[in-house]
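Please read this briefing with the sequence and the model side by side.

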Amino acid sequence: MLGIDHGWPWLLAGLMLLVSAGVFPSEERLSVERASVETLKTQRMHALQTVEAYEVFLDGIDARDETVVRRLAASQLGIMPKGHEPLAMLTGLQEPPTRWIERSVMGGASFDDPGSAGHPIMNESLLATILSGEGRVWLFGGAILAIFIGLLLDRGQLGASASVSDHPGLEA
C-alpha cells in the first residue's frame with residue numbers, strides 16, 4: 001500500500017526558497033542597471049546638445065556675428081561699442097562664454113536629481129529585506145536544509161515496509 005510522501009512539501013518549499021534567493025536579487029540588479037542605462041542615455045543626449053551649442057557659438061565667432069562678438073567683448077574685455085550704454089549691470093555679462101553655452105542647453109538640468117525617472121523603485125517587502133546582506137546566505141542555507149529534509153523524510157519507513165513485502169521468504 002502506497003502512502004503519501006510527507007517530504008514533498010519540504011522539497012517544494014526548499015525549491016521555492018532557492019528560486020527566490022536566486023531570482024529576486026538578480027531582478028533588482030537588472031532594474032538598477034536599466035535605470036543607469038537610461039541615465040547614461042540622458043547624459044549622452046545632454047553632451048551631444050552641449051557640443052552642438054559650442055559649434056553654434058564657434059560658428060558665430062567665425063562668421064563675426066555681431067551679437068556674439070559684442071557679448072564676448074563685453075564679458076571678456078569689459079568694453080561696449082561706442083554709443084552703447086548697458087541699461088543695467090547684468091551678471092550674465094560677467095560670466096565666461098562656457099557658462100552661457102551650458103546654460104542654453106536643457107536649461108541647466110541636473111542629473112543628480114533624486115526625483116528623476118532614472119532611479120528604480122526599490123522593493124520594501126520582507127523578502128527583499130531578508131535577501132539583502134547576509135540574509136541571502138541564510139535563505140540559501142534554509143532552502144538546502146528544507147530540500148535535504150524533504151528528500152530524507154519517510155524514506156526509512158517506506159524502504160523498510162517495501163523490503164519486507166517484496167520478499168515473502170524474509171519474514172522476521
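At 61% relative accessibility, M16 counts as exposed, where exposed means over 50% relative accessible area, buried means under 20%, and partly exposed lies in between (1.4 Å probe, protein chains only). M16 sits in helix α1; helices (H or I, at least four residues) and strands (E, at least two) are DSSP runs, numbered from the N terminus. This is a predicted model, in which local features need pLDDT of at least 70 and side-chain atom pairs count only at pLDDT 80 or more, while totals for chains, interfaces and linings use all residues. Residues are numbered from 1 along each chain as its sequence is written, and side-chain values use heavy atoms, with hydrogens and water left out.

**The chain as a whole**

- The chain has seven helices and zero strands.
- Read from the N terminus, its elements run α-α-α-α-α-α-α.
- Of the 172 residues of the chain, 19% count as buried.
- Contact means heavy atoms within 4.5 Å. Among contacts between residues at least 6 apart in sequence, 76% join residues at least 24 apart.

**Helix α1 on its own**

- The 56 residues of α1 should span 82 Å at 1.5 Å a residue, and its end C-alpha atoms are 82 Å apart, which agrees. The expected span is 1.5 Å times one less than the number of residues.
- The buried residues of α1 are G7, L11, G14, S20, A21, P25, A35, H46, T50, A53, F57 and G60.

- M16 and A143 lie 127 residues apart in sequence, and their C-alpha atoms are 7.8 Å apart in space.
- S20 is also found in helix α1, and at 11% relative accessibility it counts as buried.
- Leaving aside neighbours within four places in sequence, S20 is in contact with P25, L127, L131 and L139.
- The C-alpha atoms of S20 and L127 are separated by 8.5 Å, although the two residues are 107 residues apart along the chain.

**How α1 packs against α6**

- Two packed helices are described by the angle between their axes and the distance between the axes. Axes are lines fitted to C-alpha atoms, for helices over the stretch in contact, and angles run from 0 to 180 degrees between N-to-C directions.
- Helix α1 (residues 7-62) and helix α6 (residues 135-152) pack at an angle of about 155°, with their axes 6 Å apart.
- That angle makes α1 roughly antiparallel to α6; angles under 35 degrees count as roughly parallel, over 145 as roughly antiparallel, 65 to 115 as roughly perpendicular and the rest as oblique.
- The crossing of α1 past α6 is left-handed. A crossing is left-handed if the near helix is turned anticlockwise from the far one by less than a right angle, and right-handed if clockwise.
- On the α1 side, the contact residues include W10, L11, L18 and R29, and on the α6 side they include R136, F140, A143 and I147.
- By class, this contact has 14 nonpolar, five polar and two charged residues. Ala, Val, Leu, Ile, Met, Phe, Trp, Tyr, Cys and Pro count as nonpolar, Asp, Glu, Lys and Arg as charged, and the others, Gly among them, as polar.

**How α1 packs against α4**

- The axes of α1 and helix α4 (residues 97-104) come within 9 Å and cross at roughly 130°.
- The two helices are therefore oblique to each other, and α1 passes α4 in a right-handed crossing.
- T50, A53, Y54 and F57 of α1 meet P97, T98, W100, I101, E102 and S104 of α4.
- By class, the contact of α1 with α4 has six nonpolar, three polar and one charged residues.

- R64 lies in the loop between α1 and α2 (66-76).
- Phi of R64 is near 55°, a positive value in a residue other than glycine.
- R64 counts as exposed, at 70% relative accessibility.
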